[in-house]
Amino acid sequence: MKFAIVCVALFAVAIAAPANEDIQVLRLETDNIGVDSYKWGYEQSNGQKHDESGQLKNAGSENEGIAVQGSFSYVGDDGQTYSVNYVADENGFQPTGAHLPVA
């Protein structure tokens, strides 16, 4: 009996789940991938995009680190496109976007 209940519950969840759409990669770029810098990006048919670049700062010093900047966007469940620009460096991850709260 428990097995039947579990099977029916799993079947109900499977029916309720949205069908997976075939998502195509429209653009994939990897430029300047090296020891001291990189740049990459992609775009998909579902509206998702991401671009990022990074550069080694203060090479060979105690404060050596990578400074990154980029952006990504996606289409939310409400059909609206959300975009985020960001910087990640010695000051941490710093995102900005019209939909993000500001401190």
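## A salt bridge to start with

The side chains of D51 and R27 meet in a salt bridge, with N and O 3.1 Å apart (a salt bridge is a side-chain nitrogen of Lys or Arg within 4 Å of a carboxyl oxygen of Asp or Glu). D51 lies in strand 3 and R27 in strand 1, so this pair ties together parts that are 24 residues apart in sequence. Strands here are DSSP runs of E with at least two residues, helices are runs of H or I with at least four, and both are numbered from the N terminus. D51 counts as partly exposed because its relative accessibility is 30%. On this scale, buried means under 20% relative accessible area, exposed means over 50%, and partly exposed is in between (1.4 Å probe, protein chains only).

## What kind of model this is

This is a predicted model, in which local features need pLDDT of at least 70 and side-chain atom pairs count only at pLDDT 80 or more, while totals for chains, interfaces and linings use all residues. Residues are numbered from 1 along each chain as its sequence is written, and side-chain values use heavy atoms, with hydrogens and water left out.

How confident is the predictor? The mean pLDDT of the protein is 83, and 81% of its residues reach 70 or more; pLDDT is the predictor's confidence in each residue, from 0 to 100. Confidence is lowest in helix 1 (residues 2–16), at a mean of 42, and highest in strand 5 (residues 81–89), at 96. Contact means heavy atoms within 4.5 Å.

## The overall plan

Now for the whole chain. The protein has 1 helix and 6 strands, and along the sequence they follow the pattern α-β-β-β-β-β-β. Of its 103 residues, 15% are buried. The accessible surface comes to about 8100 Å², and carbon and sulfur atoms account for 56% of that (areas come from the Shrake-Rupley method with a 1.4 Å probe; for residues, only the protein chains shown count as cover). Among contacts between residues at least 6 apart in sequence, 11% join residues at least 24 apart.

## How the strands pair

Strand 2 (residues 37–44) and strand 3 (residues 49–57) pair in the antiparallel sense over 7 bridges; two strands pair if DSSP finds at least two bridges between them. Here W40 stands opposite E52 in strand 3. The hairpin of strand 2 and strand 3 has 4 residues between the strands, and G47 takes a positive phi near 95° there.

Strand 3 also pairs with strand 4 (residues 65–75), in the antiparallel sense over 9 bridges. Across this pairing, D51 stands opposite S71 in strand 4.

## A network of charges

Side chains of opposite charge can pair when their charged atoms come close. The count of salt bridges comes to 4. E43 and R27 form one of them, at 3.9 Å from N to O, and this pair links distant parts of the chain, with E43 in strand 2 and R27 in strand 1 (residues 25–31), 16 residues apart. E43 also forms a salt bridge with K49, the closest N and O atoms being 4.0 Å apart.

Which residues does the network of salt bridges link? They are R27, E29, E43, K49 and D51. E43 counts as partly exposed because its relative accessibility is 24%, and K49 counts as partly exposed at 37%.

## Aromatic rings

A pair of aromatic rings is described by the distance of the centres and the angle of the planes. Rings of Phe, Tyr and Trp (its six-membered ring) pair if their centres lie within 6.5 Å; planes under 30 degrees apart count as stacked, over 60 as edge-to-face and the rest as tilted. There are 4 aromatic pairs. The rings of W40 and Y42 have their centres 6.0 Å apart and their planes at 10°, so this pair is stacked. W40 counts as partly exposed, at 25% relative accessibility. The rings of Y86 and F93 have their centres 5.5 Å apart and their planes at 40°, so that pair is tilted. Y86 counts as buried at 7% relative accessibility, whereas F93 is exposed, with a relative accessible area of 52%.

F72, Y86 and F93 form one aromatic cluster. F72 lies in strand 4 and counts as partly exposed at 29% relative accessibility. Leaving aside neighbours within four places in sequence, F72 is in contact with K49, H50, Y82, S83, V84 and Y86. F72 and Y82 are 10 residues apart in sequence and 8.4 Å apart in space, C-alpha to C-alpha.
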